[in-house]
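Student: Can we go through this one together? Please keep it plain.

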Amino acid sequence: MSTLVIVESPTKARTIRNYLPKGYQVEASMGHVRDLPASADEIPATYKDKDWANLGVNVEDGFEPIYVIPKGKKKVVQGLKSALKSADELILATDEDREGESISWHLLQLLKPKVPIKRMVFHEITREAIQKSLKNCRDIDENLVHAQETRRILDRLYGYTLSPLLWKKIAWGLSAGRVQSVAVRLLVQRERDRLAFKAGGYWDLKALLEKEESPFEAKLITLDGKKIATGADFDPNTGKIAQGRDVVLLNQAEANTLKEKLAGKTWTVSKTEEKATTRKPYPPFTTSTLQQESNRKLSISARDTMRIAQKLYEEGYITYMRTDSVHLSEEAITAARNCVQEKYGKEYLSPKPRQYTTKSKGAQEAHEAIRPAGNSFRTPQETGLSGQEFALYDLIWKRTVASQMANAKLTQIIVNLDVEEAGFRASGKRIDFAGFFRAYVEGSDDPDAAIENQEVILPPLQEGDHPDCKELDVLGHETQPPARYTEASLVKMLEGEGVGRPSTYASIIGTIRDRGYAQMRSKALVPSFTAFAVVSLLEQYFPDYVDTKFTSKMEQTLDEIATGEAQWVPYLQKFYSGEEGLDTQVKVGVEKIDPGVAKAINLDNLEATVKIGKFGPYVEVIEGEEKITASIPTDLTPADLNPEQVTKLLKQKTEGPEKVGLHPETGEPIYLLIGSYGPYVQLGEASEENKKPKRASLPKGTNVEDVTLEMAVGLLALPRLLGTHPETGAKIKASLGRFGPYVVHDQGKEGKDYRSLKKEDDVLTVTLERALELLAQPKKGRGGGRTKKPLRELGVHPEDEQPVNVYEGPYGIYVKHGKVNAGLPEGETTETITLEKALDLLAAKASTKKKTTRKTTTKTKKTTAKRTTKSKTTSS
């Protein structure tokens, strides 16, 4: 008897194949095999004349979705149908969440199998889990399918109804999304708060004291018994002390006077207090908390975190990565407790097994937290992983193990000191027992270093003691605006509000950045002018659709559909149709919204108006009867634009570009301009004869005020020839590119070898010696700045003694020699492949490449010959 098992990806297929009995054939569907039409080309001919055709959903008859097989999936579906012909049984083993359930349902609808069908679910890919799930197969859960289908239709109706309105009223190509637009609004609201924020200044004193040769710090907290003002006492809207706050606000002069008054005076300890506290370990990871910590600790984006986690799951390293649950199975708790006992000792084990309760709104998806797979956890070092995969597994391992560790015990110490009429306070912290801190401290890479950083040791002090004052400093402070959202804090906010699902946050944040609604600066998401315009329009005309409570209620309804408590068609009817439905509201908006108003953004700090145009944002001012406009560089956001920059942009437009000087060799003028992509220098003026004058962007971080004639000439001369490589004789050049300054070893047909310049290097002065030094360093890949490490080194090739190694790429495991890559055949693994087998694979691949090259060359020659003949015929 043969059984066909279908999963989503080749990686998952390879892993699961190792744990299934003989006679089981595992194939991959490559994700969804059916979806709503992505473009007009995909809409079936029978529906093209319908008013609702562009939606891909029949909104006139029960919201019936029109499913099509995407062009790229037709071959996959054909392959699955062929595989099914020889099977006696079909097992659908896609992921256990709504998305996975939906994929299985679509496969069933497409393949129409005549053999017995089973639905197999598991949350980890280990031998035990697969064997257990084989014995406990079930039917497809129709409620889960309806919940996913409703979400898909909701997102389609929202996006395909509101987005065209944004194209008409603001700019072509903009998009609206059910969760995306709410997330963008959160970014814009925070930026508005920052722009409205008024900073307040305050001063205080800090003392460096000493007792028995042990130094410690103390800060001024009272004066004449009255509390000294701190940042928390200010009103962010006025920059002044908030109403009702009875505090002393010191200015610089008053703080200096107080310092002089306290010089040489006696300091007395008036009160000491010790308070014992405990810290409990954090729950194991959910999708949301993994994304947050990965971003905070490892600086990995939400999108990359999910990509890496998916790979770890499919290769059997961790449990399913899309989950809202913090629950651990009994086997997992036992495995974690064994790890604690072996690595840290029995005293670090919690007295009883810890079980955690899920608190997030509408928790769903898989029934267990993200943890290392199996009944015993491999340590990170035992996995053989490297780079970001190792780092993420290490994070998951530590968090899971720490969840079963003992509480950390700390003592908070407060010491009050009096000197004249001033009161100071020293605060200390002592870690009496590190507990789970030994394994995991949130937001820190190194638990041991974090433990040291958490301790603030004070000398033994008693009431009546007189420590010596060694230094007394006056410190000025300024209140800070609310922090911008990072990926981590935005994910936390969305989950806390119950907006969207953690499994979708990574793609949503990616879309926000890709569509130009926000740019990333030092981990912070900074909204663009386009984001401001879109959010303003949606807030005014469609307030519910960007409201967190409204969107959260939608998620609750989807959960009710998943459990069979709500019906999906009536819900869609209410959302889209009728007088208050989205369709009616958009039709009213099309008539009501003035594009001129919708495109405009009025910022309080600017007299000029910012508008969104066909080619991006621009400033507009009216001088008399004349309207003057100037493009805003793409890297400028509402947070950056100030009156001085507006003046500079408009001046360039009205008076022409700023002249840096004359080129010493050609005598042509060199101008400094600001374009859509930032400041640049230009040689000569654009004219009919010189339509494309030479231009060069300023290096990142260069201020326009610092541009000299010498610098401009140097930039326009790029690329610079530094010399030749001593080994190859090939040219080495320095230049500026899309990703910054670089040096390149140009070997012609052999290829080009690039290295980015470091911060301390200057593209205009870098030497040949320095370039050779950089080129000698191993080339770094995009995966976290590390050179790609082989999974296994097989040996050297007998012809040239170059290494033959095993690597992993986006399409699976492969062997590599020089520039030739060859994928492993069915049944071969990293462990089983030998050097001899690898050499055969590489030889076969190399000969295929040569044949392909010859065919291409022959075809090119034939085509050229035909063109030549045709050309000759025409000329005669």
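This is a predicted model: local features need pLDDT of at least 70, side-chain atom pairs count only at pLDDT 80 or more; totals for chains, interfaces and linings use all residues.

Tutor: Residues are numbered from 1 along each chain as its sequence is written, and side-chain values use heavy atoms, without hydrogens and water.

Student: Where does proline 460 lie?

Tutor: In the loop between α12 (447–454) and β15 (468–478); helices (H or I, at least four residues) and strands (E, at least two) are DSSP runs numbered from the N terminus.

Student: Buried or exposed?

Tutor: Proline 460 counts as exposed because its relative accessibility is 58%; the cut-offs are under 20% relative accessible area for buried, over 50% for exposed and partly exposed in between (1.4 Å probe, protein chains only).

Student: And what is proline 460 in contact with?

Tutor: Beyond neighbours within four places in sequence, Lys211, Glu212 and Asp465, with contact meaning heavy atoms within 4.5 Å. Lysine 211 is 249 residues away in sequence, yet 8.2 Å away C-alpha to C-alpha.

Student: Switching to α22, which residues are buried?

Tutor: In α22 (residues 768–775), they are Leu768, Arg770, Ala771, Leu774 and Leu775. They sit on the same side of α22 because their arc around the axis is only 160°, taken from the directions from the helix axis to the C-beta atoms.

Student: What covers them?

Tutor: The cover includes β26 (720–724), β27 (731–737), β28 (740–746) and β29 (752–756).

Student: Last, what is the strand order in the open sheet of four?

Tutor: β18-β19-β20-β21, with antiparallel pairing; strands pair if DSSP finds at least two bridges between them. The edge strands are β18 (600–601) and β21 (626–631).
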